[in-house]
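Let's look at this chain together and ask what stands behind each term used for it.

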Amino acid sequence: MSDRLAVLPQYLLPKGALTNFAGRVAGAKGGAMTTRLIRWFVGRYDVNMDEALDPDIANYASFNEFFTRALRPDARPLAAADFVCPVDGRISQFGAIEDDQIFQAKGHRFSTTALVGGDRELAAQFQHGSFANLYLSPRDYHRIHMPCDGTLTRMIYVPGELFSVNPTTARGIPGLFARNERVVCVFDTAHGPFVMTLVGATIVGSMATVWHGVVNPPRGAEVREWRYAGQNIVLKQGQELGRFLLGSTVVMLFPKDKLDFNPAWQAAGPVRLGETMAQLK
């Protein structure tokens, strides 16, 4: 079966209703029932609880508490690199932005302008720059960390679809990451601006940042924006930026001629938080 045929049912599914229901279930404190759900999930997806700050499944009051669990402080040491990988997951795609086009999968691209919610001035800062799309599977650690030091300047909530973001869907749905609901975080750094985009998906109950808390819900039909000029919100390399309450994808944008990606990286390859992502040119 082709990828396009495989994803056709997603166009028909009530994705919003499924996502709202999953969010309620994940946030519920169901006692023994919650513990059974977490235990099933750990077994089904082979989650490594030895890395968790609290490895005891029974201590998590809700599925969300488990899903966004902290890791032991020594579980993800930071590499001596200019840019470190911000998540555990797999590489969807990475490389050069061609003019303003980001490679999603064979036959599919999307524009930087669409990704950031239509702001052409913001998108222009990344023309012919670099990108990385990283997919977080259900078994992964779901907090997102800073690849380098940065000062927050803006956050943009962009409403959209709630398609799955797994590899099959990325191959089957055009413009996926610029169609789904997303939270665009814009930073200034010593090396120029960079963007970290948190992409929502089916049953992703919400996305949260450390400076704002939960961004969605509420879900609306309009783009919303927050500006942080003068607030001096500085996050250091490796510091937590935000988290998914159920998993998804992050898309990063960097300006032209700023970095060289880790030569060991390859599409579909696994990555871990803190490993070398790139060095300055």
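**Terms and what backs them**

Q: What makes a residue count as buried here, and what share of the chain is buried?
A: Of the 281 residues in the protein chain, 52% are buried, that is, under 20% relative accessible area with a 1.4 Å probe, protein chains only. This is a predicted model, where local features need pLDDT of at least 70 and side-chain atom pairs count only at pLDDT 80 or more, while totals for chains, interfaces and linings use all residues. Residues are numbered from 1 along each chain as its sequence is written, and side-chain values use heavy atoms, with hydrogens and water left out.

Q: Why are strand 1 and strand 16 called edge strands?
A: The open sheet has 3 strands in the order 1-18-16, with antiparallel pairing. Strand 1 (83-84) and strand 16 (259-261) each pair on one side only, so they are the edges.

Q: How do you know that strand 16 and strand 18 pair?
A: Pairing requires that DSSP finds at least two bridges between the strands (E runs of at least two residues, numbered from the N terminus). Strand 16 and strand 18 (residues 276-280) are joined by 3 bridges, so they pair. Within this antiparallel pair, Phe261 stands opposite Ala278 in strand 18.

Technical notes
Helix = DSSP H or I, 4+ residues; strand = E, 2+ residues; numbered from the N terminus. Buried < 20%, exposed > 50% of the residue type's maximum accessible area, 1.4 Å probe, protein only.
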